[in-house]
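These are my notes on a structure that is new to me.

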Amino acid sequence: MARQLRIQYAGAYYHVTCRGNERNRIFKDDDDRRRFLYLLEESLETYQAVLYAYVLMDNHFHLVVQTMRANLSEFMRRFNICYTGWFNYHHNRCGHLYQGRYKALLIDADNYLLELSRYIHLNPVRAGRLRKCDYQERWLNLRRYQWSSLPGYINDKKVIEFVNYDMVLGMVRGRRAYQRFVVDGLKEGIEDPFEDVQYQTILGDDDFVARVKSKYIEEGSLREQPMYRDMIS
């Protein structure tokens with residue numbers, strides 16, 4: 001099976017996710033979650049990456065990051081190795097924690113960053129029993145969920161230093177507007193932004209895809225070439 005094509009350039013935005021091996025938990029307790037965020041902050045600083053949104057679920061996580069140095073692979077490699085080492089030590093286990101390589105989509109931030117942030121923040125109430133609850137109950141549970149960047153988006157007293165809120169909030173003119181934006185998503189439902197992914201690699205409109213193809217696509221490893229040929233055909 002062809003590996004996902006990695007498109008890296010300075011200033012690129014990505015949606016990144018990893019799922020537990022065999023869909024097992026990657027967070028068993030709050031110590032795991034706190035260590036994950038500590039290591040994430042360290043890695044962001046080391047690799048000069050910018051974090052715009054995140055959510056930690058029991059068996060997977062979502063990040064929205066921007067790499068200023070075209071180094072997503074190095075950033076994720078270091079981060080995942082460090083957290084896997086912690087998790088294995090903390091729980092007296094060994095072996096792989098994640099199901100294969102991380103998955104990354106290149107993001108057209110101008111057109112998708114705002115919507116993607118909402119979609120990610122809604123993760124804790126999109127599945128399980130909460131999925132069938134009314135929007136008020138889901139919003140109450142969402143506000144109580146502490147393992148995402150949402151609290152800092154709706155309350156300036158819960159800001160986390162290593163999250164950049166300004167870009168997304170600037171798209172809706174502040175925290176109150178962003179809260180209404182999220183609640184509207186609970187009331188009315190939202191479309192899955194990932195339905196717009198092209199070539200299994202890029203979330204963007206046709207103009208964005210064309211710019212990426214013309215400026216940044218390079219022939220990758222042998223296993224990645226089938227997807228590369230699809231993009232340039």
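I take helices (H or I, at least four residues) and strands (E, at least two) as DSSP runs, numbered from the N terminus. The model is predicted, so I note that local features need pLDDT of at least 70 and side-chain atom pairs pLDDT 80 or more, while totals for chains, interfaces and linings use all residues. Residues are numbered from 1 along each chain as its sequence is written, and side-chain values use heavy atoms, with hydrogens and water left out.

**Sheet and helices**

I looked up the strand order first. Six strands form an open sheet in the order S2-S3-S1-S4-S6-S5, and the pairing is mixed. At the edges stand S2 (49-56) and S5 (197-198); each has a single partner strand, so one side of each lacks a neighbour in the sheet. Two strands pair if DSSP finds at least two bridges between them. S4 (residues 103-107) and S6 (residues 202-203) pair in the parallel sense over two bridges, and Leu106 stands opposite Ile202 in S6.

Next I checked which helices lie across the strands. Axes are lines fitted to C-alpha atoms, for helices over the stretch in contact (heavy atoms within 4.5 Å). Angles run from 0 to 180 degrees between N-to-C directions. Helix H1 (residues 30-46) lies across S2 and S3 (60-67), at about 165° to S2. Helix H2 (residues 72-90) lies across S1 (12-19), S2, S3 and S4, at about 145° to S3.

**Core**

I count as buried a residue under 20% relative accessible area, as exposed one over 50%, and as partly exposed one in between (1.4 Å probe, protein chains only). A nonpolar core is a set of buried Ala, Val, Leu, Ile, Met, Phe, Trp, Tyr and Cys residues joined through side-chain atoms within 4.5 Å. The largest one has 76 residues, of which Phe36, Leu40, Phe61, Leu63, Met76 and Tyr178 touch the most other members.

**Rings**

Rings of Phe, Tyr and Trp (its six-membered ring) pair if their centres lie within 6.5 Å; planes under 30 degrees apart are stacked, over 60 edge-to-face, and the rest tilted. My search of the whole structure gave 16 aromatic pairs. Phe36 and Phe79 have ring centres 4.9 Å apart and planes at 70°, so this pair is edge-to-face. The pair links distant parts of the chain, with Phe36 in H1 and Phe79 in H2, 43 residues apart. Both are buried. Tyr178 and Phe181 have centres 5.9 Å apart and planes at 50°, so their pair is tilted. They lie in helix H7 (residues 175-188), three residues apart, about one turn of the helix. Tyr178 is buried at 0%, and Phe181 is buried at 16%. Ring pairs also join a cluster whose members include Phe27, Phe36, Phe61 and Phe79.

Leaving aside neighbours within four places in sequence, Val183 is in contact with Tyr135 and Trp139.

**Cysteines**

How many disulfides are there? I found zero in the whole structure, taking a disulfide as a pair of cysteine sulfur atoms within 2.5 Å. The sulfur of Cys18 is 13 Å from its closest cysteine sulfur, in Cys82, which is too far for a bond. Cys18 is buried at 3% relative accessibility, and Cys82 is partly exposed at 28%.
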